[in-house]
Every structure is written in structure tokens, then in C-alpha cells.
Amino acid sequence: MPSARLATSLLLLLAFGSCSRQPEASPVVASVYGRELHMSDLKGLVPEGMAPEDSALVVANYVDQWVRQAVLLTKAEKNVEADFTRELQDYRNSLLTYAYERQIVDQLLDTHVTAAQIRQYYDDHRSDFRLKASIVKAVYVTVPRKSPALAKVRSIVSRPAFAERDVVELEETASHHGLKGYYDATVWLPFYALQSAVPITTYNEQLFLRQNRTVNLTDDSLAYCVRILDYKVSDDESPLELQKDNIRSILLNRRKNEIIDRLHADLLAEAERGGHVKKNI
């Protein structure tokens with residue numbers, strides 16, 4: 001592997017070379033069986049603003065990797081008899097056609113997806129959207145066990161008809177006493193995310209969520225006051241809120257495929273009308 005001193009020297013040469021106005025032959029950095037790695041091949045390798053020691057390591061690793069690859073490639077060429085002309089042509093053709101399709105898609109694709117379109121797709125494909133893990137809508141506060149606010153916090157989260165105004169009161173109470181918590185009752189959270197914040201232990205998530213709306217737990221120093229507002233368990237239908245981005249991607253991908261299919265059909269029809277398609281089978 002090139003030394004740090006060599007890598008640093010290469011960096012200096014790169015910096016000097018980038019400021020030079022006269023085109024000169026690019027110096028050879030490494031050579032293997034006649035193959036050469038030139039200084040110009042390293043341009044753009046080091047991100048702007050990277051620390052010198054990190055830049056030297058990047059250059060050194062690249063040169064070392066190039067040397068190993070060049071050794072292997074040279075030996076492979078001498079010991080393997082294979083003609084990759086067909087494969088290379090097929091690969092080039094694939095790259096060209098993909099680039100052309102992408103160009104046409106970029107020109108024609110309507111990227112605006114309405115809420116109604118997302119809702120319609122969701123309603124038509126509900127069975128496709130199944131949860132792989134339990135989710136909840138919940139708010140919670142962590143309270144020192146000796147805090148004078150504990151009784152009030154527990155009272156709020158235990159109210160039978162817990163509503164938005166109760167969330168507001170809970171947050172205001174927590175803020176007044178400098179307590180930490182989570183108060184966005186509109187967001188679906190993975191149940192395991194709630195468990196990472198509150199030490200809930202259960203061997204049956206579905207039964208636990210079905211039987212508990214209020215959770216009050218304690219450890220040596222803290223009390224955890226939780227109100228579970230809604231829940232869904234594994235294999236339930238996933239809520240629309242969680243699928244909006246996914247459905248938008250699905251609809252855009254469908255539009256892309258429609259553009260490409262139409263492009264293929266139009267180009268074929270054009271070629272056939274012009275007499276450019278001949279089949280001798």
C-alpha cells in the first residue's frame with residue numbers, strides 16, 4: 001500500500017497541477033505490467049474540504065486498489081480465453097436505451113399526484129397494505145417520582161374521554177414543571193419506538209394494546225405516564241397516513257411505465273409505417 005508520504009506528495013501534485021495553465025503529460029502514479037495510472041485519473045477523487053490526512057488516506061487506498069485490480073486483470077487476460085464482444089454490445093445497448101427512455105420520461109412525466117388519487121389507490125388496494133409490526137398513537141410524560149406534578153399528570157392521562165384539549169393541558173403541565181414527553185397524538189409510531197422510550201414489557205402485544213389505554217409505570221427514579229389513543233397490530237391494514245409516500249411512488253412508477261410502453265409502441269409504428277422493419281422469418 002502507498003505510504004502516507006507518497007499519498008501526501010500525490011495530493012500536492014494534484015493541487016499544483018490543477019492550478020497549472022499549461023497542458024502537460026500527466027505524471028504516472030503507478031504502473032503494473034505496462035498498465036499506467038496517471039495523476040489525471042485521480043482528479044475528483046478527494047472531496048473538497050476534506051482534511052489533509054483523510055485525503056492522503058483516500059488517495060493511498062485508491063492507488064492500492066488500482067494496483068491489485070491491475071495485477072488481477074493482467075493475469076486474467078493471459079489465462080482466460082473469452083470473447084465478451086456480444087456482452088459488451090448488449091450492455092452498451094441497454095445503457096443507451098435506458099438513457100433515452102429516462103430522457104423521454106423526464107420530458108413527459110407529470111409528477112403531481114393528488115390526495116384524491118392516493119386515496120383512490122389505497123381504497124382499491126387495501127389488502128396490499130398490511131402492517132408488519134404493531135403501531136400506536138400515543139402521548140406520554142416521564143416524571144421524577146418525587147415531583148409534585150406526578151399526581152396531576154397521572155390524572156390527565158387517565159381521563160375516560162381523552163381529547164385534544166387534554167393533550168394541550170398535558171403538554172402545558174409538563175412544560176411548566178420541566179418534564180420530558182411526547183405530545184403529537186396524530187402520528188402513528190411503531191410500538192417498539194414507544195417501548196424504547198417507556199419500559200413497557202409484554203409477550204403479547206395485541207392483548208396488551210387491547211386491554212390498556214392508560215399505562216403508568218415506575219422505576220427507581222422515574223414514573224412513566226402514557227395514554228394510548230389508537231393502535232393497530234401486525235397484519236392489520238396499514239393506515240393511509242403511513243402509505244402516502246409509498247403510494248405516490250407506485251403511481252409515479254406506473255406513469256413512467258405507461259410513458260415507456262407508449263414510446264415503444266409509437267417508435268415501432270413509426271418504423272413500420274416508414275418501411276424500416278423487415279422480418280425474414
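Reader: Where is Ile 104 found?

Author: Ile 104 belongs to helix α3, which covers residues 85-108; helices here are DSSP runs of H or I with at least four residues, strands are E runs of at least two, and both are numbered from the N terminus. This is a predicted model, in which local features need pLDDT of at least 70, side-chain atom pairs count only at pLDDT 80 or more, and totals for chains, interfaces and linings use all residues. Residues are numbered from 1 along each chain as its sequence is written, and side-chain values use heavy atoms, with hydrogens and water left out.

Reader: Why does Ile 104 count as buried?

Author: Buried means under 20% relative accessible area, exposed means over 50%, and partly exposed lies in between, with a 1.4 Å probe and protein chains only. Ile 104 has 11% relative accessibility, and therefore counts as buried. In the protein chain, 29% of the 281 residues count as buried.

Reader: Which residues does Ile 104 touch, not counting those up to four places away in sequence?

Author: Ile 104 touches Ile 259 and Leu 263, where contact means heavy atoms within 4.5 Å. Among the contacts in the protein chain with a separation of 6 or more, 72% are between residues 24 or more positions apart.
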